[in-house]
Amino acid sequence: MSSKVNGTSRPAPTRLSYSVAGCSEHSNRYVAENIMVDVPTDPNSRWSGLHENPNTKQWLLLQLDSLSVIDSITFGKHHKQHPCNMKEFKVYIGPTRERMTEVLSSTLKDDAVPETFDLRHTNNAGVAFPSRFLKIVPVSAYSHSFHISVWFVSISGCADAAYVQEVKQQHEAHMETTALRHILKHLRSRRLMAPFKALTAGAGVQLEHPLVTRLYESLVADGDWAEAERVLQHAADAGLFDAFARTAPVHAAWARLRGASADGDTPRQRGGHAMCIDEAAGQIYLYGGWDGERSLDDFWMYAVADGAWRVVPQPPGAVWPGRRSCHRMVFDPKMGRIYLLGSLGVSDDELNDPVRARSSGSAEPAQRADFYVYHTRGEYAGTWELLASNTETSGGPPWIIDHQLVMDSERQVLYVGGGRINDWFSEVTKLSGLYSYDVATRVWRHLSLKGGASTSHPLARRFGHSMVLEPNERALYIFGGMQDSDHYLSDMHVYDLDTNTTTELFSNFTTVGGPDKMFAQRAIIDPDLKEIYVFCGLRRTGTSTVPRLDGEHWVYRYSKRPGTWTRTDTAPVQRDGTPSARYAHQVVYDSRTRTAYLHGGNAGRILENGTLADNVHGDDALTEHRLDDFWSMSLSRPWRDEIVRRGTFQIRCQQFREACTTTPAVQALRFLQTEVAEVADHASAEGDVLRDLLSHLLGRSAPAPDAGTPDPVAHENYQTRTEVFQRLLEFFPPDAKEPVADLVDMIDRYEEGARD
């Protein structure tokens, strides 16, 4: 790690020495000091809590030899499974026993493999803090009615005195500034502007971004509505609303695409086909697939601008990949090439009845791990080239299906991840690993993955998963899929292309608000927005072994690890409806227009309760329904103009409320029908707000003739203006606005904590 604090380079992390400063009661001879020695074969080398009741709080308090910046904690284990093994736990760190912050809540696996967990050593503002103490709070053991045991603990971080001192000083300065900002917020909220201005000038501390201050002054203090609207626009132009736009809920807007070729043709029903996109040319390519009876070898191109498909001709005698399904294609924008790899590659009879094919002793299919490239431009434009008839013999992947294929176009390297090995006559599921292919040298390399700092378990091999390339991070995001016919996955890993290390982001993303365990889903990535879009396929919920079709779509945002999952809602008005649930479909993404394109897939054999009828045979069997529909999808989100509109609507609503008490009703009504209505989204809840405002006008008390103009910052106006200001603050990033917490509430919580 090579970060700097105020110009001081950080030394590499080392193992930190510690002593046991205290613990809850222990059982028998299993004292806390045992965790300082790693002897996995000694059943006595552990700490065990005295209490078996999970509701009884137990803990271990460790004191570092010196103030340090803590990076990670490693838990050693017994050499085999043990009923006392700690399962759930929490970790706290802090500079003193009294000032401890929870930095980890996680679960250990019940095995013999040591596990390392990153520990957060920065606050919510991203400022690092040093610690002297670390507290482990065991929550549960793997077996009920057993004492919880911790076998070995190792702590890693930086204890360099100069660096730690810099961290300490920076953290203390941040805390001082934060305290002053809370005081400033309190003073302004109480309208104590004289001390507010004096403290601002004397301490040299800014409560918020200058544009936010201008918004407060124009809206709350002065009631200058036009200036408040101008400030909103300035804030948008300064990019202050961009973070809100990226994290706001999104809605999927679908459109059915029906553009046929000049002959009136479109790609027929299929699943397990492959697609890729040439974004610059606006062309989508589709090859092969399975139509329910046979593998296909047709090659199509869809011109986005023309809205039409056309068949790419197959010249007589030319190189052609042939019939195939469950393969993958990827487009290289730098060289204008399409790479194609993998195939189910069996005869149609064998696919329809594989058991009979195996028992009859049929010959092994001739098609092997062939590898093709199609040239879209240059001297060989419009032709396929066979790069290898068998990639396995040159160090590449074996004959695989349901794998993933991505392209690092800048460095001209392909990555092939996972997949099921096409050993058709084997009853055992065999899985492939991760490979790279150097285009310039035509050399394959099998990548032997290493675990990163936050995981000690290697990335499991899988098929039917998702893998996308993040070019800015130079990383692969890999998630979901299956390990065998019974084991669906809901984990997520990131693989660093430069260090050859994997880091587990989620062991189970379902438990943190993500989708269920899934297989044959499709994923695309927008690196600029730092978002991955997931189109679900088959899923399993909880411990169920019955797969279900899932038509949900998800957004995974990874700007801050481990990232967050959000289900995509459907826009209210959908002229063509939305795509039905499916799997084995294909999706490509045009990052220039931020549009996804979805084609085909398998709707499965579905019973009325939504389950796949894979156990139905004979006359009761339902024919699998493959699809030929083609869709575009764009995600609507509140970009700058929309956020400005929303803010302007709220400002004008407040202006109208005050006008109801200062102007004739006819004038106020005219303002509502013109100025307020013109910026309202009448199809949303804002339409209801307009009706409520009209009711407010009709139910008002007419001002007395000699009332004059009321104080613009009268108490009632001040309160309602402040409420509008607080709502507008939701559009601004945390570092640009006043602290969220209220000083009075913080004191109340502190005093409650002191009494506890």
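**Helix packing in a predicted model**

Colleague: Which helices do the buried residues of α3 pack against?

Modeller: This is a predicted model. Helix α3 covers residues 210-221. Its buried residues include L211, V212, L215 and L219. In an α-helix, residues three or four places apart point the same way, because there are 3.6 residues a turn. The partners of the buried residues of α3 are α1 (161-189), α4 and α11 (715-729).

Colleague: Which residue takes a positive phi just after α3?

Modeller: Helix α3 ends at residue 221. The phi in question is about 65°. The residue is G223.

Colleague: Are α4 and α8 roughly parallel or roughly antiparallel to each other?

Modeller: Take α4 as residues 225-237 and α8 as residues 640-662. Their axes lie 10 Å apart, and the packing angle is about 165°. Angles over 145 degrees count as roughly antiparallel. Therefore α4 and α8 are roughly antiparallel.

Colleague: In which hand does α4 pass α8, right-handed or left-handed?

Modeller: The two helices pack with their axes 10 Å apart. The crossing of α4 past α8 is right-handed.

Colleague: How many charged residues does the contact of α4 with α8 have?

Modeller: On the α4 side, the contact includes W225, E229, L232 and D237. On the α8 side, R640, I651, R652 and E658 are among them. By class, six residues are nonpolar and five are polar. The charged residues number five.

Colleague: Is α8 roughly parallel or roughly antiparallel to α10?

Modeller: Helix α10 spans residues 686-698. Its axis and that of α8 come within 10 Å and cross at roughly 10°. Angles under 35 degrees count as roughly parallel. So α8 is roughly parallel to α10.

Colleague: How many nonpolar residues does the contact of α8 with α10 have?

Modeller: From α8 come, among others, F649, C653, F656 and C660. They meet α10 residues including V689, L690, L693 and L697. One residue of this contact is polar and four are charged. The nonpolar count is eight.

Colleague: Which residues does R99 touch, leaving out those up to four places away in sequence?

Modeller: R99 sits in the loop between β7 (88-94) and β8 (101-107). Its C-alpha atom is 9.5 Å from that of S131, 32 residues apart along the chain. The residues R99 touches are I93, G94 and H171.

Colleague: What share of the 756 residues counts as buried?

Modeller: The protein has 12 helices and 45 strands. Buried means under 20% relative accessible area. By that cut-off, the buried share is 49%.

Methods:
Residues are numbered from 1 along each chain as its sequence is written. This is a predicted model: local features need pLDDT of at least 70, side-chain atom pairs count only at pLDDT 80 or more; totals for chains, interfaces and linings use all residues. Side-chain values use heavy atoms; hydrogens and water are left out. Helices (H or I, at least four residues) and strands (E, at least two) are DSSP runs, numbered from the N terminus. Buried means under 20% relative accessible area, exposed over 50%, partly exposed in between (1.4 Å probe, protein chains only). Axes are lines fitted to C-alpha atoms, for helices over the stretch in contact, and angles run from 0 to 180 degrees between N-to-C directions. Angles under 35 degrees count as roughly parallel, over 145 as roughly antiparallel, 65 to 115 as roughly perpendicular and the rest as oblique. A crossing is left-handed if the near helix is turned anticlockwise from the far one by less than a right angle, and right-handed if clockwise. Contact means heavy atoms within 4.5 Å. Ala, Val, Leu, Ile, Met, Phe, Trp, Tyr, Cys and Pro count as nonpolar, Asp, Glu, Lys and Arg as charged, and the others, Gly among them, as polar.
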